[in-house]
Amino acid sequence: MNLRPDDGLPDGGTAGGAVDLSACAREPIHIPGSIQPYGVLLALDPAGMTLAMASANAGPLLGTGVSEALGRPLRELLRGGGAAALLGLAEGAGAAPQSLSGIGLESGDGARRFDAVAHRVDGTIVLELEPAEEAWPIRLEQPYPIVRDFVEALQQVGRVDRLAEMTAREVRRITGFDRVLVYRFDEAWNGTVIAEDGNGRLPSYLDLRFPASDIPAQARQLYELNRLRLIADADYRPVPILPPANPLTGRPLDLSRSTLRSVSPVHLEYMRNMGTAASMSVSILHEGRLWGLISCHDAVPRRVPYQLRQICDFIGTVFSLQVTMLERAAEVEYRMELRRIETALLAAMAAEDRFLDGLVREPERLMALTASQGVAVVSEAGCILVGATPDEAAVRRIADWLAARAGEDVFATDTLPTLMQGAEAFKEQACGLLAISISRFHNSFLMWFRPEVVRTVKWGGDPHKPAEPDGAAGAPQRLHPRKSFETWKETVRLRSLPWRRAELEAARDLRAAIVDVVLRRAEEMASLAEELQRSNKELEAFSYSVSHDLRAPFRHIVGYAELLKEREGANLSERGRRYVDTIIESAFGAGTLVDNLLNFSQMGRASLTPVLVDMNQLVREARVRVEPEGAGRAVEWRVGELGSVMVDPVFLRLAMQNLLSNAVKYSRGRDPAVIEVGRDCSETETVYFVRDNGVGFDMAYAHKLFGVFQRLHRMEEFEGTGIGLANVRRIVERHGGRVWAQAEPDRGATFYIALPRQDGDRQDRS
């Protein structure tokens, strides 16, 4: 039976005619308004099962012209014993296509059997019929035995490439196509032929890659909706659907799930350029997403019966399930391995005071987490490099570049040189980059690197020439698909191996764990700081109370001892008078200690009042107070230009007085004693120093210098309470500065005060 349009009805144009292809990427291929001529389409209004639309070749089946049949109940139009069954199929149709085979109907050239498919779309029942094949070499009554052995064998295969080879071979055996390919998409929707079975009539495409432009996005969407598509003859004349607009919706009929849908003229021209007169495709879905295609080609027109196409669809479904099972199993195994590595890294982090030290303690594990060849950790503490990485300067540039991409907690690319200017210089270490931000407050990153992998890709034709212009000069230009499918080799550079989803998720999980550790430790530190602050306040209050309460008793002891010596001294023996002198000296020293403790406690309680202070004037005032300590000695003072700083003058004068007093005390015995006061400046700090030529000290004990009651010399040699330098440190730290010292035994000492630079500071004296 040759289904042709009614005479006088408009045809859809010849498939081989010149077609404007300039908008092919946006072509609405789901509403072509026509079907392929090997079948008939009827669209029904469910309300009365009346004919709303029909393909122009439906007249012989309906027993009248299409225009006359529109609006009439389908039961009045169908003839033959299968009419009731066909109506039942239509009435029970849902969104997913349902089929019925071997329906007997009367047509213009006598009784025929039809295979029918029905589904609903936009409130319309779409009914498609195509003549049943009477003389197919394979009996179709029992499809299960045809594929039983194949399905059992497929379940024993543990590799995707072997699954694909078996599937291509089985589909060609069943359908008789000249060539059957299994075609897999990558993440950019380029496709690679991973398996092929053929008879040599058509060229081999095994291992060739085809660009994403060969199958546009809207075509891929239809492959997901409608898993099976047949083009029986690339030179067919499309059969229009009448009327062009669906009277139930006012729009063209949506043929997304149609089996007879006419395809884009671009695709038909593409087929002819490939030398294929017929094609059939079966979609391979993985987790609901298009994974690839089983693509069948023939050098001559070939129509495969609907039942046999259903068997191929079943084979494709079994293949999809096996691929999903294998890839899920491999993914789960890989994820479990990465989880074990992550657990070990977390344990190493927990065992270290600085968790980053734990991360890099076992570098092989850290790199194995993402199958990388180098790792860098950039944080406030510094830059740690492990394995094959760019140098530190380049890593810090990458960190700055990542920081500029604000808001990305996880960043991954397999082609960093195409994204970051200058990155090509270190492509051999860092062509691929996977980075996670490990701090919410600072520009800190953990980065994994992969080197460039130069590889040769074989394309089925030049992918950079997907279309060719045509037309005479001055005439409208038309685009046609590329004509050459000869192997075209391309060397791919500036790319690393791509990052797998499991690796990205492992990096994301590690980041979550690190951020959790950082936040938890920050909370612990904040809690500890709060506790320490409370304890310090309590200690200061206690110290102040005790010191204040002890002052009066020590004064009483000194006063009454002096009265005893003055009024009763004549009645005391020499030993008694010596005892009284010792009491006075000890009580006086204890009183001084109490005064110093009181001052120390007040340091943490009193508020600072910073003003612009002339440091030369402040040092002069401090010298006046300590010069009596050097009375009768030769002391040479060398005071440089000290400028002005924003400080609290009372507190800083006390700090400087303590340093000058120490210099005078510990230079005792030098003739002359030389005490130098000077200043050094940087962009961030102003550093003052007090240097003497006294007894110095061993730097091994320098860490004790600024602690309360810490002394490096015996009391018999040098008097003191051990609180002066503690006062200095507290004063300077309250100003946001720092203190330190350098010395050598018997060669003097230098004490430093570093104060942060402020806008009001001046280099010269005011």
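1. The largest nonpolar core has 78 residues. Such a core is a set of buried Ala, Val, Leu, Ile, Met, Phe, Trp, Tyr and Cys residues joined through side-chain atoms within 4.5 Å. Buried means under 20% relative accessible area, exposed means over 50%, and partly exposed lies in between (1.4 Å probe, protein chains only). Leu42, Leu86, Leu127 and Leu129 have the most contacts inside this core. Helix α9 gives the most to this core, with eight residues. Helices (H or I, at least four residues) and strands (E, at least two) are DSSP runs, numbered from the N terminus.

2. A note on the source. This is a predicted model, where local features need pLDDT of at least 70 and side-chain atom pairs count only at pLDDT 80 or more, while totals for chains, interfaces and linings use all residues. Residues are numbered from 1 along each chain as its sequence is written, and side-chain values use heavy atoms, with hydrogens and water left out.

3. What does Leu127 touch, not counting residues up to four places away in sequence? Its contacts (heavy atoms within 4.5 Å) are Val40, Leu41, Leu42, Leu74, Leu86, Leu89, Ala90, Val117 and Ala118. A second, separate core has 35 residues, including Trp637, Met656, Val664 and Val677. In soluble globular proteins, nonpolar side chains tend to be buried together.

4. Aromatic pairs come next. Rings of Phe, Tyr and Trp (its six-membered ring) pair if their centres lie within 6.5 Å; planes under 30 degrees apart count as stacked, over 60 as edge-to-face and the rest as tilted. The count is nine aromatic pairs. Trp291 and Phe319 are edge-to-face, at 5.9 Å centre to centre and 70 degrees between the planes. This pair links distant parts of the chain: Trp291 is in strand β13 (residues 289–298) and Phe319 in helix α9 (residues 306–350), 28 residues apart. Both Trp291 and Phe319 are buried.

5. Trp740 and Tyr752 are stacked, at 4.9 Å centre to centre with 10 degrees between the planes. Trp740 belongs to strand β28 (residues 738–743) and Tyr752 to strand β29 (residues 749–756). Trp740 is partly exposed, at 25% relative accessibility. Tyr752 is buried, at 13%.

6. Ring pairs also join Tyr183, Phe185, Trp189, Tyr205 and Phe210 into a cluster. The charged end of Arg179 sits over the ring of Tyr205, 4.4 Å from its centre. The rule is NZ of Lys or CZ of Arg within 6 Å of the ring centre and within 35 degrees of the ring normal. Arg302 lies over the face of Phe177, at 5.7 Å from the ring centre.

7. How many disulfides does the structure hold? There are zero, a disulfide being a pair of cysteine sulfur atoms within 2.5 Å. The closest cysteine sulfur to that of Cys296 is in Cys312, at 6.2 Å, so the two are too far apart for a bond. Cys296 is buried, at 0% relative accessibility. Cys681 is partly exposed, at 37%.

8. Asp45 lies in strand β2 (residues 40–45). Asp45 and Leu248 are 203 residues apart in sequence and 7.4 Å apart in space, C-alpha to C-alpha. Beyond four places in sequence, Asp45 touches Thr50, Ala52 and Leu248.

9. Ser281 is in strand β12 (residues 278–286). Ser281 is buried, at 3% relative accessibility. Leaving aside neighbours within four places in sequence, Ser281 is in contact with Tyr223, Arg227, Leu228, Arg229, Ile294 and Ser295. Tyr223 is 58 residues from Ser281 in sequence, and 8.8 Å in space, C-alpha to C-alpha.
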